[in-house]
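Let's take a friendly walk through this model together. Please have the sequence and the coordinates open as you read.

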Amino acid sequence: MDYRDDPAEATFRAEFRSWLATHLPGVPAPLGGPERAGFWRDWHRSLYDGGWMGLSWPVEYGGRGLPAMYEAIFNEEIGAAGGPPAPHVGFLGRALLHFGHEEQRRRFLPALLSGEEVWCQGFSEPDAGSDLAALSTRATLAGHQYAVNGQKVWTSDAAWADWCLLLARTDSSASRHGGISALIVDLHQPGVEVRPIVQVNGDSEFNEVFFTDAVVPTDQVVGALGQGWEIAMTTVGYERGPVDVGFTSRYARLVGELEQAARQGDVDGTQQLEWARAYVQVAVLRAHVMRDLSARSEGKAPGPEGSITKLLSTRTEQLLHHVAMDLAAAAPLAGGRPDVLSDYLYSRGASIAGGTSEVQRTIVAERLLRLPRWR
Amino acid sequence: VTWVGLTEEQRMLADTAARMVADHPTLADAQIEQRRAAGDLWRSMVARGLVGLVVSDDSDDDSDGDEPTLNAALVIEQLARGVSAVPYLGTVLALGLLGASAPHGAEVDEILAGRPGCVVVDPTLSRLARRGIAVDAGPGALAVGMEGHVVWTAELGPRLDSLDLSRPLVTAGDGGTALGEISPEAGVRWQAQALALLCADLVGTCAGALEGAVAHARARQQFGRPIGSFQAVQQLCADQLVSVEGCRSITWHAAWAVDALAPDQALAQAQIAKAFCSDVARTVCEAAIQVWGGLGMTWECPAHRYLRRALLDRQLLGDERVQLGAIVQDRLVAAATKAG
């Protein structure tokens, strides 16, 4: 067991740290709208041009082929430098890496990594949220292409995305899970309409997406027909990893900022103890993530254990933002510190997005504790 | 390479400890001849050399992969998982003090030969002391305490009414002898090790409590189905597993830090671990009682034995309030003073 960098990791850390010193965006992320999308695109491009994206991806698809632990170092250093969170290309890319055909990987992965093409994940529907297998969007074969009809919702980044990894029903006679396939959908076509949703913090990260006879060539089916459920579960397995979605970089930055704030003379002892509680929680998450990533380096894809990590990550995020709000006192309630308010409100989604905490606990109960299934 | 996991040897060590515990009746089995069983288990642990795990081997001090604290933590976790009354934790803690103050004294040999050891804390249970209360004081145990930088033996007096049924608390008074001085660095390192090993005891205690409750939830039928199929019960149990795995992750880190980092850094990491484990352990053990239902309120049910053990571990050398206070002092108050 060793939690310390080996010489190669230490060199990487030092190089990335000095790169960050001269490449951080000079301004904070705008709170919403196209400016926000542009800000993320620039940050993503800048990281990519520096050679820092896709660290643990295979070299042949534009990655650097490094162990997963480098992604954790990457996240830590961004957080320590106070940079914007790491772009989350990891989890969608994993679906293509694990299940995509060779031509699909070569065509799509490099541009996903570089930020040249933006992707979104078309999973949830109005009547298929936690019960994802209830989805009813259909892809019907007509000649050499599919016609897609249906609606997706909570689709992050769809307003500026180029491609969508879509779950659709390709076989209505098959079982609930067996009739689902994963398709790569070009969002720049007449059959696709995207309507942004205004969120509690005023931001519009996620959207509704409507498909009306949208066209998908048959060579854009990922994996085999009917393999969509397995692909979706693998994807959300990665989406639940706080490193894969860049969350650990956010926590590392926030806990450091709060440490500065909690040192000020007017902060009372109770608030300082609450900060310490959050500091401890971040340390626990970090130790746990390193254990997770080490298991992954032995070749295991994220399994049901990922739900434990996600629940720990959610506890951490929500505790951190309670502390942030409390340390900022009245300011975010009266127009000061809109960033603190916005991030706090956003943190309530941690226990909902990527599978609710209730769903995560059901996975833990049934698959790790082996309690009898409830249905 | 950065890598966080157990080696094959460490997995085998944990398995061996688990098997040894399983081969002897423990308090988790309820209503058994626990004391005699503990004596048998203790003798076989001594015979296997498990007591000396934390004694560093001076002959090859640069061997990497030497993780005595983590190894001891793995054994302690298994003992706690069975609420075992074997005085292993107390002995390891006493041995740590002796090794740092009087490494060549007869006391070390006595303990390695099988005499149990225990350490003395003040009446708050949160600080090492020369007189006060001896913790995990098994029959004939050698009590070791500290005053200033001097390590003392202590004379054991009357037994106290310990809430923990697996580890006796005994009055410890004057009458011992001074064994030697401990350097400030060694004292800090001992403190870090003790906190990490108490965390390991909490990991095992919580894991054992949860396993028992989950086994009950699988078997117990109500409304014509196992109560473990109800989401209310499932969600409660799942939350506890998240806490247990968090405890395990931070405890491994703290145990590793004792042997890999400078003493003050190791102590800072151990305080983080003890703050977290102390905080969640009570909740996990109380949840186990809840899952057991009415049975959980009975003396026969093992659930309260886990809770009792957790409550003592939580308090020993400082509960979460003490640890969080130390973190605040270190990172906020002292840092602000230095900056100011």
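What follows goes from the interface to a helix beside it, then to the cores and a few single residues.

This is a predicted model, in which local features need pLDDT of at least 70, side-chain atom pairs count only at pLDDT 80 or more, and totals for chains, interfaces and linings use all residues. Residues are numbered from 1 along each chain as its sequence is written, chains are lettered from A and ligands numbered from 1 in the order in which they are written, and side-chain values use heavy atoms, with hydrogens and water left out.

Let's begin where the two chains meet. Chain B brings 48 residues to the contact and chain A brings 46, where contact means heavy atoms within 4.5 Å. About 4,600 Å² is buried between chain B and chain A, and carbon and sulfur atoms give 63% of that area; buried area is the accessible area (1.4 Å probe) that two parts lose on being put together, summed over both. On the chain B side, B:T2, B:V4 and B:L332 supply 15% of the area buried against chain A, more than any other three residues.

The interface has polar links too. There are 24 residue pairs in polar contact between chain B and chain A, both residues being at pLDDT 80 or more. A polar contact is a pair of N or O atoms within 3.5 Å; within protein, one must be able to donate a hydrogen and the other to accept it, and residues adjacent in sequence count only if both atoms are side-chain atoms. Four salt bridges cross the interface, each a side-chain nitrogen of Lys or Arg within 4 Å of a carboxyl oxygen of Asp or Glu. In one salt bridge, the side chains of B:D239 and A:R361 meet at 3.0 Å, N to O. Helix α7 of chain B gives the most to the side of chain B that touches chain A, with 18 residues. Helices (H or I, at least four residues) and strands (E, at least two) are DSSP runs, numbered from the N terminus.

A:R361 leads us to helix α11 of chain A, residues 357-368. Its twelve residues reach 15 Å from first C-alpha to last, close to the 16 Å expected at 1.5 Å a residue, the expected span being 1.5 Å times one less than the number of residues. Among the buried residues of α11(A) are A:R361, A:I363 and A:V364; buried means under 20% relative accessible area, exposed over 50%, and partly exposed in between (1.4 Å probe, protein chains only). Their cover includes α9 (305-328) of chain A together with α7 (231-260) of chain B. Just after α11(A), A:R370 takes a positive phi of about 55 degrees, and A:R370 is exposed, with a relative accessible area of 56%.

Which residues have the most contacts inside the largest nonpolar core? They are A:W275, B:M45, B:Y88 and B:I250, in a core of 151 residues. Helix α6 (residues 184-219) of chain B gives the most to this core, with 18 residues. A nonpolar core is a set of buried Ala, Val, Leu, Ile, Met, Phe, Trp, Tyr and Cys residues joined through side-chain atoms within 4.5 Å.

Our last stop is B:S278, in helix α8 (residues 263-292) of chain B. B:S278 is buried, with a relative accessible area of 0%. A polar atom of the B:S278 side chain lies 2.8 Å from the backbone oxygen of B:K274. Beyond its neighbours within four places in sequence, B:S278 is in contact with B:L202, B:R314, B:G318, B:D319 and B:E320.
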